[in-house]
Amino acid sequence: MDIRVSVLCTAYQHADFIREALESFVTQQTDFAFEVIVSDDASTDGTADIIRDYAERYPGIVRPILLTENQYSKGVNLYDKYLFPAARGEYLAACEGDDCWTDPTKLRRQVDFLDSHPDYTACVHNTVARFTKTGEERVLFEQSGDRDVPFSQVLRGMSHAFHTSSIVARREYVVNPPDFRNVAYSYGFTDYAVGLWLTLNGKVRFLDRPMSLYRIGSNPSAWSSGVDTAYPKLRRFVRGEIAMLRALKPHVSAGQAALVDGVLLEREYELLYIEGRVNEMVKPPYRDIHRRMGLSRRVSTALKLAFPRLHQWYRKRKGFVDG
């Protein structure tokens with residue numbers, strides 16, 4: 001039996017959510033065969049038991065990879081070492097264990113599109129974000145209508161393009177990643193690099209139909225949890241984006257390189273802001289970026305420049321330690 005789609009799912013401490021994720025996979029309504037490869041990275045909360053249950057109930061679909069020692073903490077990329085080698089599908093779909101799909105026709109719609117459009121590397125769709133603490137929900141992307149996702153949109157960041165849980169891509173563009181994806185992974189993220197690679201190798205179609213759910217704040221131990229407010233995480237993330245964008249440049253055209261340079265400057269400016277290097281923020285090549293900032297940012301920067309010792313005292317008091 002030919003497997004058309006391999007659904008790749010990684011889980012860690014997802015006992016509260018993994019059942020809903022697996023149920024959303026196995027109930028997909030398709031006229032083709034698909035498999036669900038789900039890994040558990042040595043969870044201690046019963047996640048593995050739920051995965052075993054689904055593997056027993058759906059032996060022709062669910063293929064578990066149950067690890068006894070946590071691999072992420074050792075720097076192992078679970079996709080490269082375990083999931084990609086196990087995947088047999090022509091197309092690969094992704095969804096983390098604390099997210100899920102919300103439409104049983106998701107895979108069929110995306111595969112039908114890719115089958116009839118060979119010049120597209122991937123098909124993605126809209127996603128609903130749910131804030132775990134409050135239960136509030138919102139659609140991630142408000143633009144209306146199906147459309148293509150250009151390189152320039154992904155370059156701004158994945159929050160401007162599509163969510164990982166929506167991706168169905170041709171396997172050849174996922175299992176053989178470029179060097180800049182490995183750079184991104186070394187800083188703890190990959191979706192940004194994968195999105196860029198897909199748009200560099202063809203077209204990506206966005207279906208304006210919410211078909212997945214992205215839970216925000218579901219796992220406090222996750223690397224991405226609190227990244228916007230935790231200084232060390234945020235600094236490392238922006239440093240990682242800068243390193244990835246620099247590694248990306250040899251892969252793009254001259255016109256695209258100009259776009260990359262512009263975003264790179266913006267990320268470097270943000271790093272200066274995060275690290276409190278206000279003197280550099282207001283000088284070339286970042287001066288024009290700073291002038292475009294909102295009034296509160298510009299006033300705050302002016303005060304920091306006027307009272308440098310007070311600024312340094314405040315940073316130390318808040319634990320903003322550079323290094």
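Guide: Before we start, contact here means heavy atoms within 4.5 Å of each other, and the structure above is a predicted model.

Visitor: Okay, then what does W197 touch, leaving out residues up to four places away in sequence?
Guide: Setting aside those sequence neighbours, W197 touches Y173, N176, P178, F180 and H251.

Visitor: And where does W197 sit, and is it buried or exposed?
Guide: W197 is placed in helix α7, which covers residues 191–200, and with a relative accessibility of 17% it counts as buried, because buried means under 20%.

Visitor: How far apart are W197 and V154?
Guide: Counted along the sequence they are 43 residues apart, while in space their C-alpha atoms are 9.7 Å apart.

Visitor: Switching to rings, how many aromatic pairs are there in the whole structure?
Guide: A search of the whole structure turns up eight aromatic pairs. One of them joins F25 and W101, whose ring centres are 4.8 Å apart and whose planes meet at 65°, so this pair is edge-to-face.

Visitor: Why is that angle enough for edge-to-face?
Guide: The cut-off is over 60 degrees between the planes, and the 65° of F25 and W101 passes it, so the pair gets that name.

Visitor: Which parts of the structure does that pair tie together?
Guide: F25 belongs to helix α1 (residues 18–26) and W101 to strand β5 (residues 100–101), so the pair ties together parts that are 76 residues apart in sequence. Both partners are buried, F25 with a relative accessible area of 0% and W101 with one of 4%.

Visitor: What about F141 and F206?
Guide: Their ring centres lie 5.8 Å apart and their planes are at 85°, so this pair is edge-to-face as well. F141 is in the loop between β8 (137–139) and β9 (147–148), whereas F206 is in strand β11 (residues 203–207), so the pair ties together parts 65 residues apart in sequence. F141 is buried at a relative accessible area of 5%, and F206 is buried at 1%.

Visitor: Which charged end sits over the ring of W101?
Guide: That is the charged end of K106, placed 4.6 Å from the centre of the ring. In another such arrangement, the charged end of R297 sits over the ring of Y273, 3.6 Å from its centre.

Visitor: Let's follow R297 then; which residues of α12 are buried?
Guide: The buried residues of α12 are R297, T301 and K304. Looking down the helix axis, these residues fall within an arc of 60°, so they line one face of α12. On the other side of the helix, L295, S296 and A306 are exposed.

Visitor: And what do the buried ones pack against?
Guide: The buried residues of α12 pack against α9 (254–274), α10 (278–281), α11 (287–291) and α13 (308–318). The helix itself, residues 295–306, has twelve residues and reaches 16 Å from its first C-alpha to its last, close to the 16 Å expected at 1.5 Å a residue.

Visitor: Last topic, R215: where is it, and is it buried or exposed?
Guide: R215 lies in strand β12 (residues 212–216) and is buried, with a relative accessible area of 7%.

Visitor: What does R215 touch, again without residues up to four places away?
Guide: R215 touches F17, E20, D98, D99, C100, R130 and T132 on that count. As for D98, its backbone oxygen lies 2.9 Å from a polar atom of the R215 side chain.

Key
Residues numbered from 1 in each chain as written. Predicted model: local features only at pLDDT ≥ 70, side-chain atom pairs only at ≥ 80, totals over all residues. Heavy atoms only, no water. Phe/Tyr/Trp six-rings, centres within 6.5 Å; stacked < 30°, edge-to-face > 60°. Helix = DSSP H or I, 4+ residues; strand = E, 2+ residues; numbered from the N terminus. Buried < 20%, exposed > 50% of the residue type's maximum accessible area, 1.4 Å probe, protein only. Lys NZ or Arg CZ within 6 Å of the ring centre and 35° of its normal. Polar contact = N/O pair within 3.5 Å; in protein donor to acceptor, adjacent residues only side chain to side chain. Expected span 1.5 Å × (residues − 1). Arc of directions from axis to C-beta.
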